[in-house]
Amino acid sequence: MAIEARIPTILRNYTDGAKSVEGSGQTLGELFVDLDRRHEGLRARLVGEDGSLQRFVNVYLNDEDVRFLGGAETPLSDGDVITILPAVAGG
Amino acid sequence: MVRYDSLLASLGHTPMIGLPNLSPSADVRLWAKLEDRNPTGSIKDRPAIAMVARAEAAGELTPGCTVLEPTSGNTGISLAMVCKLKGYKLICVMPENTSIERRQLLEMYGAQIRTSPAAGGSNEAVAVAKRLAAENPDWVMLYQYGNPANAQSHYDTTGPEILADLPTVTHFVGGLGTTGTLMGVGRFLRDNVPGVKIIAAEPRYGELVYGLRNIDEGFIPELYDASVLDSRFSVGPAEAVRRTRQLVDDEGIFAGISTGAILHAAMAQADKAVKAGERADIAFVVCDAGWKYLSTGAYAGTLDEASAKLEGQLWA
């Protein structure tokens with residue numbers, strides 16, 4: 001089950017500069033565990049010890065904020081696109 | 001009654017316009033609230049006027065004071081007009097990657113602009129403004145990201161106007177920047193319309209704007225309360241430009257680019273309602289008109305060319 005994860009500039013030191021990497025998992029939390037196998041250290045920047053998202057990290061599943069979907073428990077399907085972005089100001 | 005004693009008194013009471021061509025059916029309808037019909041042409045007139053009034057009432061703003069604000073444009077333009085009329089000096093901290101029209105309008109109203117670096121977007125503007133405020137304790141920073149009068153202005157005016165014009169409202173879709181519109185309108189509608197859905201559309205900029213040195217430098221406005229929202233969507237420049245043009249083509253409404261992002265999220269809610277066989281009256285905000293963004297190239301050429309030109313710019 002392939003899921004594309006888009007990585008922000010600030011975290012590409014974990015992906016050898018790659019803008020996007022592939023991984024698998026039934027849930028977002030599982031995807032992060034899978035990504036961390038090949039990109040060690042990435043997961044710790046995204047979630048805390050309890051598995052919940054870090055405060056200044058926003059993750060979108062097909063453009064929808066996962067905090068409103070189920071957080072780390074959000075179910076994933078083949079072909080989904082995950083976008084990771086740091087929280088920035090608008091206005 | 002459309003006569004007012006002054007420009008400031010004409011704030012709000014903006015039209016709610018049906019979109020017969022973009023609405024999927026008679027049961028699922030889209031409604032645009034034209035916030036460009038405000039004194040300086042944007043929704044930000046509401047929080048700007050409210051924040052100044054609150055600071056005056058609290059005795060923080062007195063004649064001759066200098067007002068300071070981090071802004072990517074519209075709030076600064078609104079404040080510049082209010083400060084001009086009331087005799088305050090205004091200093092705006094604005095990221096360098098904002099459209100030339102916004103700068104020209106600020107200068108026309110007599111505001112002083114301090115430029116913050118493009119990398120980091122509005123985060124940097126906020127950081128620079130906070131530093132300036134600490135160095136100049138006599139300046140008054142209204143701080144739209146954390147000033148309760150921002151959200152309250154929408155609770156007191158935008159929200160009630162929407163409900164009065166559209167008592168059957170089922171969804172409200174707004175843009176997420178300071179979060180003031182969504183927090184204020186969202187709370188008002190939740191207090192008055194059982195089951196209403198509050199949807200946020202957040203602009204997704206080019207990589208430069210997310211160019212923080214460290215993820216811990218991220219920024220969440222103090223006003224933000226996630227419990228007011230039902231869902232939040234990230235909308236990139238390609239979809240925003242496409243919907244902005246669709247709004248002109250199908251309904252004749254010439255809106256700014258952030259409105260295209262909001263319309264994109266609103267149309268997704270409309271599709272969802274159609275598929276579920278549910279009735280929906282979806283109100284969304286037209287934040288401003290397109291005039292200030294003509295120089296960005298968003299309205300000319302192919303969609304690909306237009307969205308490529310927005311890369312690296314703060315288009316919302």
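A residue is buried if 20 or more other C-beta atoms lie within 10 Å of its own, exposed if 12 or fewer, and partly exposed in between, with C-beta atoms placed from the backbone. By this count, buried residues make up 37% of the 91 residues in chain A. The model is predicted: local features need pLDDT of at least 70, side-chain atom pairs count only at pLDDT 80 or more, and totals for chains, interfaces and linings use all residues. Residues are numbered from 1 along each chain as its sequence is written, and chains are lettered from A and ligands numbered from 1 in the order in which they are written.

Chain A holds 2 helices and 5 strands (DSSP runs numbered from the N terminus: H or I of at least four residues for helices, E of at least two for strands). From the N terminus on, its elements run β-β-α-α-β-β-β. The radius of gyration of chain A, taken over C-alpha atoms, is 12 Å. The globule rule (2.2 Å times the number of residues to the power 0.38) gives a value close to this, 12 Å for 91 residues, so chain A is as compact as a globular protein of that length. Its C-alpha trace spans about 40 × 30 × 25 Å along the principal axes. Two residues are in contact if their C-beta atoms, placed from the backbone, lie within 7 Å. Among contacts in chain A with a separation of 6 or more, 45% join residues 24 or more positions apart.

One loop residue of chain A has a positive phi. D63(A) is not a glycine, yet its phi is near 80 degrees. D63(A) lies in the loop between β3 (57–61) and β4 (64–65) of chain A. It counts as partly exposed because it has 19 C-beta neighbours inside 10 Å. In chain B, T179(B) also is not a glycine and has a positive phi of about 80 degrees. T179(B) sits in the loop between β7 (171–175) and α6 (180–192) of chain B. With 28 C-beta neighbours inside 10 Å, T179(B) counts as buried.

The two chains meet. In this interface, 33 residues of chain B are in contact with 20 residues of chain A. On the side of chain B that touches chain A, α4 (121–135) and β9 (231–235) of chain B each supply at least two residues. The largest share, 5 residues, comes from β9(B). This side of chain B divides into 16 nonpolar, 13 polar and 4 charged residues (Ala, Val, Leu, Ile, Met, Phe, Trp, Tyr, Cys and Pro count as nonpolar, Asp, Glu, Lys and Arg as charged, and the others, Gly among them, as polar).

Helix packing was examined within chain B. Axes are lines fitted to C-alpha atoms, for helices over the stretch in contact, and angles run from 0 to 180 degrees between N-to-C directions. The axes of α1 (residues 45–57) and α2 (residues 74–86) of chain B come within 8 Å and cross at roughly 45 degrees. That makes α1(B) oblique to α2(B) (angles under 35 degrees count as roughly parallel, over 145 as roughly antiparallel, 65 to 115 as roughly perpendicular and the rest as oblique). Residues of this contact include I49(B) and V52(B) of α1(B) and L79(B) and V82(B) of α2(B). They divide into 6 nonpolar, 2 polar and 2 charged.

Helices α7 (residues 237–251) and α9 (residues 303–310) of chain B pack at an angle of about 125 degrees, with their axes 9 Å apart. That makes α7(B) oblique to α9(B).
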